[in-house]
Amino acid sequence: MRTVDRRKFLKYCVNSAAALGLSQSVVGRLQVALAADAVGLPAVIWLACSNCTGCTVSLANRISTDHPTDIADLLVNTIDLAYHPNLMGAAGDLAVDTLYSAANGQYVLAIEGGIPTAFGGNACMLWTDDGHDVTAMEAVQVLAPNALAILSIGTCAAYGGIPGGPASPTGVMDVRTFTGRPAINIPGCPVHPDWVVWTIAQLLAGNPPALDSEGRPTALYARSVHDRCPRKGTQEASTFAEQGRCLKAVGCKGPETRSDCPTRLWNGGANWCIGANSTCIGCTSSKFPHGWSSFYKGQVV
Ligand code: SF4
Ligand code: SF4
C-alpha cells in the first residue's frame, strides 16, 4: 500500500496558512504537528455524482510553485486519495474494495456533483456491489454520517448547479440539503484546484475554515469578483471584445459573485475570465446558472 509523505504535506500546510495570513495559532499548531510528525492523515473518498467531471479535470490541471506542485505530487506525495473513480488506478471490484476499506477508517468525503433523488436515485449509479447497482443516493447516505468532514466540490454539489436546474427531471439535491450536515461548500464551475487543496489543508491542521452564510470558506469567497477587478471604474464596454473595459453592460456577474479569482487567477496564475475578455458568468454563486438564465427555468419556447 502507498505511504503518504505527511511531513511534506504538513510543510505545505504551514506555508499556505502563513501565506494566507491565518492566525498564528493555526500556523503554530501545524508547526507542532510537523515537529512531532504526529498528525495522521485521514483518507479522502471522492464520489462523482451528478456532474460533468469538470472539477476533477480542474484539479488535475493544478500547476503551482507551492507544494503540491501538480496532480502527480498531490496524489503520490500528499493526500491519501483512497477512492476517486477517474484518478485511481484500480477499477471494478478492486476499486470498490478499496473504497470499503477506507470507509472503515477515518475519512473526508468529497462529493463532486449533486445527488439525483428522482426515480429512486436510479439516474446516477456509482458502482456495482455483488450485482446491486449502488446509486449516488445510497452511497452518500452510507458514507456521509461517519465522515470527518464533507466537502461539496463545485457548484453542482454546493447548490445543484446545472444538473439541479428546474428543467431537469432527476431531482438533484445539493449535498447540504441531502445529508443534513454542514458540508463545506467549495463552489465553482469548475472549482479552482487551489480552493480544494487549501480547504483540505485547513482540515488537516485541525482548523475547520470559517464559513459564510452559504457554507463557503470566507478566506476564499469573502469578497466579490467586482471588488478587486482591474476593470472596476473603467468605461463600460457596449459590445464584446472591447479590451480593458468594464463588462457590466454586456452581462458581467462580477458584482454579484464572490471569489478570489481576480487575485488568484487560473491555470497557475496565467489568466482569468475577465483577463481573457470574457464576462464573469457567476460560476461560484448559488444563482448559477438557473437564477440568471431563462433556459434553466424551462422558459425557452
Ligand atoms: S468587468 Fe465585471 S467584475 Fe470587472 S469591474 Fe466590470 S462588472 Fe465588475
Ligand atoms: S471570474 Fe467569475 S465565472 Fe470566472 S471562474 Fe471566477 S467566479 Fe467563475
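**View 1. Phe 119 lies in the loop between strand E4 (115-116) and strand E5 (125-129).** Strands (E, at least two residues) and helices (H or I, at least four) are DSSP runs numbered from the N terminus. This is a predicted model, in which local features need pLDDT of at least 70 and side-chain atom pairs count only at pLDDT 80 or more, while totals for chains, interfaces and linings use all residues. Residues are numbered from 1 along each chain as its sequence is written, and chains are lettered from A and ligands numbered from 1 in the order in which they are written. Although Phe 119 is not a glycine, its phi is positive, at about 55°. Phe 119 has 12 other C-beta atoms within 10 Å and is exposed.

View 2. Leu 265 counts as partly exposed because it has 16 C-beta neighbours inside 10 Å.

**View 3. Two cis peptide bonds can be visited here, beginning with the one that joins Cys 189 and Pro 190.** Omega of this bond is about 5°, and Pro 190 sits in the loop between strand E9 (184-186) and helix H9 (193-204). The other stop is the cis bond from Phe 288 to Pro 289, where omega is near -10°. Pro 289 belongs to the segment after H11.

**View 4. Helix H4 (residues 71-78) has Leu 74, Leu 75 and Thr 78 as buried residues.** Looking down the axis of H4, you find its buried residues within an arc of 120°, so they line one face of the helix. The arc is that of the directions from the helix axis to the C-beta atoms.

**View 5. The largest nonpolar core has 57 residues.** A nonpolar core is a set of buried Ala, Val, Leu, Ile, Met, Phe, Trp, Tyr and Cys residues joined through C-beta atoms within 7 Å. Val 44, Ile 45, Leu 47 and Ile 111 have the most contacts inside this core. Helix H9 supplies the largest share of the core, seven residues. Once neighbours within four places in sequence are set aside, the contacts of Val 44 include Ile 79, Leu 81, Tyr 107 and Ile 200. Two residues are in contact if their C-beta atoms, placed from the backbone, lie within 7 Å. There is also a second, separate core of ten residues, with Val 225, Leu 247, Cys 252 and Trp 272 among them.

**View 6. Ligand 1 has 13 residues around it.** A residue is near a molecule if its C-beta atom, placed from the backbone, lies within 6 Å of it. His 226, Cys 229, Cys 246, Cys 252 and Gly 254 come nearest to ligand 1. Its shell divides into eight nonpolar, two polar and three charged residues. Here Ala, Val, Leu, Ile, Met, Phe, Trp, Tyr, Cys and Pro count as nonpolar, Asp, Glu, Lys and Arg as charged, and the others, Gly among them, as polar.

**View 7. Ligand 2 has a shell with no charged residues.** By class, seven of its residues are nonpolar and three are polar. Among the residues around ligand 2 are four cysteines to look for: Cys 261, Cys 273, Cys 280 and Cys 283. Val 225, Trp 272 and Thr 284 are also among the residues around this ligand.

**View 8. Arg 216 is found in the loop between H9 and H10.** With 26 other C-beta atoms within 10 Å, Arg 216 is buried. Arg 216 and Thr 284 are 68 residues apart in sequence, yet 9.8 Å apart in space, C-alpha to C-alpha. Leaving aside neighbours within four places in sequence, Arg 216 touches Asn 185, Pro 187, Leu 211 and Tyr 221 in the contact sense.

**View 9. Arg 223 lies in the loop between helix H10 (218-221) and helix H11 (261-264).** Arg 223 is partly exposed, with 14 other C-beta atoms within 10 Å. Apart from neighbours within four places in sequence, its contacts are Arg 228 and Arg 258. From Arg 223 to Glu 256 the C-alpha distance is 9.9 Å, across 33 residues of sequence.

How values were computed:
Buried ≥ 20, exposed ≤ 12 C-beta atoms within 10 Å, placed from the backbone.
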